[in-house]
Amino acid sequence: MPKSQKKTQERVAREDVKELWHITPQSMSKDGIKKSFGSSLQYGLAKDRYTATLRDNFMALGMALRDRLVERWIKTQQRYHRQKAKRVYYLSMEFLIGRLLGNHILNLDLWDETQKALEEFGLDLEEIRNEEVDAGLGNGGLGRLAACFLDSMATLGIAGHGYGIRYDYGIFNQKIVNGYQVESPDEWLKHGNPWEFARPEYAQNIQFYGNTKMYHDAQGKLRVEWVNTEDVIAMPYDIPIPGFRNDVVNTLRLWSARGSEEFNFQYFNDGDYESAVYEKVFSENISKVLYPNDATSMGRELRLKQEYFFTAASITDIIRRFKTDNSVFQNFPDKAAIQLNDTHPALAIVEFMRVLLDDEQLEWDTAWDLTVRTFAYTNHTVMPEALECWAVPMFETLLPRHMELIYEINDRFLKALAAEYPGDTDRIRRMSVIEEGNPKKIRMAFLAIIGSHSVNGVSALHTELIKNQLFRDFFEVFPEKFNNKTNGISHRRWLLKANRPLTALITDAIGDGWKKDLNGLRDLIPIRRDQLFKKKWRQVKLENKKVLAELIRQTQGIIVNPDSMFDVQVKRIHEYKRQSLFILYAISEYLRLRENPSGYAVPRTFIFGGKAAPGYFMAKLLIKFINNVANIINHDKINKDKLKIVFLENYRVSLAEKIFPASDLSEQISTAGTEASGTGCMKFMMNGALTVGTHDGANIEIAEAVGPDNIYMFGLRDEEVFELRNRGYDPGAYIQKSPQLREIFHMIGSNFFSPAERGIFEPLVQNLTVSDPFLVCADFEAYAAIQQKISEDYQNKDLWTERAILNVAKSGRFSSDRTICEYARDIWGVSVNGCPRNGKA
């Protein structure tokens with residue numbers, strides 16, 4: 001056969017194969033969704049309209065949408081490989097992604113078509129959306145921030161990948177029983193997850209325990225091998241993360257632990273059936289639960305295992321992907337950026353070094369240079385006691401090779417430090433990664449700073465605090481590493497999806513360009529005084545409040561007045577966040593109401609929500625106190641519709657999406673200098689709530705954005721807090737000056753709020769009146785005074801509405817798109833098209 005004829009046949013054969021791989025894209029029309037939904041129900045779930053449950057309908061719709069995501073997902077990943085794009089890897093112990101159905105419908109621009117398709121089946125989209133279980137793979141702001149960042153990376157077209165853990169049980173479900181928080185397992189995977197894809201072909205072998213063995217290779221070079229280990233399999237599950245209407249779909253890869261041996265036949269044959277599966281069960285505990293209780297040594301070891309498990313699996317996966325498109329390791333930082341979301345993934349630095357040294361056989365200086373140029377670290381705390389440390393004895397038993405590497409990293413760092421600061425032994429002690437003591441401890445934040453080229457805070461104040469207080473020594477040595485990246489939120493989740501009525505009103509008024517660039521909301525400023533627009537704005541807010549009021553009635557059995565001010569604090573329950581200040585003020589309002597019922601002009605509904613860590617006694621007692629106070633006040637006949645207190649059970653992402661649109665006042669009242677940033681404040685702002693806040697975290701930047709007349713700031717500033725504590729803070733002196741506080745503490749002490757449980761709140765009273773670690777009493781009078789001003793302003797509906805509109809108009813600065821653009825430009829070295837105008841509002 002002539003060569004030309006043979007080549008022609010080969011080309012035709014290749015084209016035939018290519019044609020086989022070509023699949024007709026799924027239709028994005030109503031009819032296309034109907035067809036996919038019916039097909040998924042019948043062929044994917046083996047159900048018909050007679051046997052399908054609401055859960056089946058959710059799964060079928062999820063599968064129909066998933067098909068459309070997968071098309072774009074595959075093309076996106078092919079493009080990244082073809083272009084050899086620089087990858088950004090976001091490592092986080094938490095991804096609080098919540099429900100995904102509505103988010104995917106929104107980002108695919110299929111809301112109307114999906115709604116119409118379901119209506120023709122006699123189904124309701126909202127009912128089906130409510131069937132989805134929240135994926136509670138996080139505890140609060142840290143995990144929700146990670147989820148928003150993934151959304152923004154996909155929307156901006158960044159080749160981003162998230163890495164975390166596929167916990168069998170997420171953040172616990174919270175029930176309130178007799179006022180107490182009672183935890184139950186969050187079985188979010190119980191009925192299956194339509195969004196995830198198992199990837200067994202990319203499973204990784206993860207080592208623990210064992211010992212190291214040194215030897216010289218054939219070339220006489222010293223080598224180290226980690227041997228006699230106990231191994232666990234890391235099984236990856238991928239979740240697609242779509243961008244907003246841009247056909248980009250990135251990946252969140254979550255690792256699940258599997259036993260390296262499913263079954264031990266020797267034990268089974270000997271009749272020891274429990275031991276036969278022990279290794280499997282023990283290994284799989286690693287990914288069983290989010291944040292195991294670290295009050296015990298076993299709990300602490302499990303937590304450390306979790307951190308190494310997911311970072312080691314992720315590093316192996318990242319290097320595998322790098323090698324598919326690249327052959328020269330020296331190019332690694334040009335092709336990959338790894339961002340550590342707090343200190344939990346800091347072990348990735350040591351694992352990366354281990355791979356480069358032991359597996360890739362690079363020299364130390366080369367490996368360390370590549371490591372520092374690749375990694376970046378985000379700090380999320382301002383409190384030294386919150387910085388993660390690991391006891392050396394436990395660590396070196398679990399990860400012996402990594403302990404050796406940490407000692408070597410520290411030794412080289414301290415030698416360089418001694419050369420730069422000769423004779424300054426105190427500095428060397430302060431900055432050592434190893435904290436001396438019994439036992440010695442590894443300071444993971446210090447390791448993260450040394451091993452990264454960038455260290456960022458998450459608000460302007462927070463960054464100044466870590467530079468000048470928390471990490472002052474390191475800032476003096478590495479000033480070029482430190483920078484600020486104020487947090488942001490995804491307006492697609494928190495406005496477009498959560499508040500569709502307000503989205504429609506805004507779009508009718510200024511067009512839809514703001515949906516892509518949130519700075520477009522500035523166009524609301526010229527129309528904020530338009531009487532008709534303000535009237536429509538108030539109507540949207542009232543309807544949202546009615547929705548939340550009905551949910552409160554259904555879930556809590558409490559009837560609240562939608563015309564009252566919805567005054568809201570929803571966040572993790574912690575002393576520094578000062579839910580105690582909020583409830584003390586609510587009691588003071590109750591006293592004022594009792595004293596003069598006819599003169600109480602502004603009805604309020606005080607709304608609390610949040611979970612306390614299971615082992616946090618004071619936070620759990622505070623939940624009990626709030627519920628007891630609510631029970632007494634809500635049942636007082638003098639109250640009527642003027643004052644109600646609600647503690648919303650089981651706060652989570654899907655519940656938050658109902659709360660923010662309905663809120664009038666956002667409580668951001670942490671002690672100044674304790675909240676790194678806070679993103680709840682941004683969600684409230686974006687939905688038209690005004691903020692009452694301390695000079696803390698992102699509150700300061702919100703105040704800069706909206707101006708002092710459009711936010712209610714109060715209380716001690718961070719430098720005043722510092723000075724007061726140094727002088728010796730005495731809460732009793734502030735209580736003596738405050739008749740309100742004296743009466744409130746007398747009521748609590750006399751068991752007014754606990755008639756059947758006498759003395760139960762004595763620890764809370766002692767905490768606030770004797771030590772008051774977060775200066776509740778010091779700020780109370782200033783807080784009460786600003787609240788009086790808020791009540792006066794709220795009565796002026798036009799003024800309040802104008803301020804609410806202005807807050808929304810200025811919220812573009814707090815888009816996670818802006819934050820991610822700054823990370824890409826300043827830290828990751830990734831060029832991005834479509835960043836918000838000028839990078840900020």
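Me: How many residues of strand S1 (residues 87-91) are buried?

Reply: 5 of the 5 are buried, so S1 is largely enclosed by the rest of the structure. Buried means under 20% relative accessible area, exposed means over 50%, and partly exposed is in between (1.4 Å probe, protein chains only). This is a predicted model: local features need pLDDT of at least 70, side-chain atom pairs count only at pLDDT 80 or more, and totals for chains, interfaces and linings use all residues. Residues are numbered from 1 along each chain as its sequence is written, and side-chain values use heavy atoms, with hydrogens and water left out.

Me: Which residues of S1 sit on which side?

Reply: Arg-87, Tyr-89 and Leu-91 are on one side. Val-88 and Tyr-90 are on the other. Both faces are covered. In a regular strand the side chains alternate between the two faces of the sheet.

Me: And what does S1 pair with in the parallel sense over 5 bridges?

Reply: Strand S13 (residues 336-341). There, Arg-87 stands opposite Ala-336. S1 also runs parallel to strand S4 (residues 160-165), joined by 4 bridges. In that pairing, Tyr-89 faces His-161. Two strands pair if DSSP finds at least two bridges between them. Strands (E, at least two residues) and helices (H or I, at least four) are DSSP runs, numbered from the N terminus.

Me: New topic. How many salt bridges are there in the whole structure?

Reply: A search finds 62. A salt bridge is a side-chain nitrogen of Lys or Arg within 4 Å of a carboxyl oxygen of Asp or Glu. One of them joins Arg-166 to Glu-196, with the closest N and O atoms 2.7 Å apart.

Me: Where do Arg-166 and Glu-196 lie?

Reply: Arg-166 is in the loop between S4 and strand S5 (173-177), and Glu-196 is in the loop between S6 and strand S7 (197-198), so the pair ties together parts that are 30 residues apart in sequence. Both residues are buried.

Me: What about Arg-493, which residue does it meet in a salt bridge?

Reply: Glu-657, at 2.8 Å from N to O. Arg-493 belongs to helix H21 (residues 491-497) and Glu-657 to helix H26 (residues 653-662), so this pair ties together parts 164 residues apart in sequence. Arg-493 and Glu-657 are both buried.

Me: Which helix holds both Glu-822 and Arg-818?

Reply: H35 (residues 816-828). They are 4 residues apart, about one turn of the helix. Glu-822 is buried at 13% relative accessible area. Arg-818 is buried at 4%.

Me: Which residues are linked in a network of salt bridges?

Reply: Asp-424, Asp-426, Arg-427, Arg-429, Arg-430, Arg-472, Asp-473 and Glu-476.

Me: On to helix H23 (residues 531-556). How far apart are its end C-alpha atoms?

Reply: 36 Å. At 1.5 Å a residue, its 26 residues should span 38 Å, which agrees. The expected span is 1.5 Å times one less than the number of residues.

Me: What caps the N-terminal end of H23?

Reply: Asp-530. One of its side-chain oxygens lies 3.2 Å from the backbone nitrogen of Leu-532. Just after H23, Gly-557 takes a positive phi of about 70 degrees. Buried residues in H23 include Phe-533, Trp-537, Leu-548 and Ile-552.

Me: Back to strands. What is the order of the open sheet of 3 strands?

Reply: S15-S17-S16, with antiparallel pairing. Strands S15 (389-391) and S16 (434-435) stand at the edges, each with a single partner strand, so one side of each is left without a neighbour in the sheet. S16 pairs with S17 (residues 441-443) over 2 bridges. Glu-435 stands opposite Lys-441 there.

Me: Last one, the surface. Which residues form a nonpolar patch?

Reply: Val-177, Tyr-180 and Val-182, with about 230 Å² of accessible area together. Patches are made of residues with over 30% relative accessible area and no salt bridge; like charges are joined within 9 Å, and nonpolar side chains (Val, Leu, Ile, Met, Phe, Trp, Tyr) within 5 Å. Accessible areas come from the Shrake-Rupley method with a 1.4 Å probe; for residues, only the protein chains shown count as cover. Val-182 is in strand S6 (residues 180-184). Val-182 is partly exposed, at 37%.

Technical notes: Polar contact = N/O pair within 3.5 Å; in protein donor to acceptor, adjacent residues only side chain to side chain.
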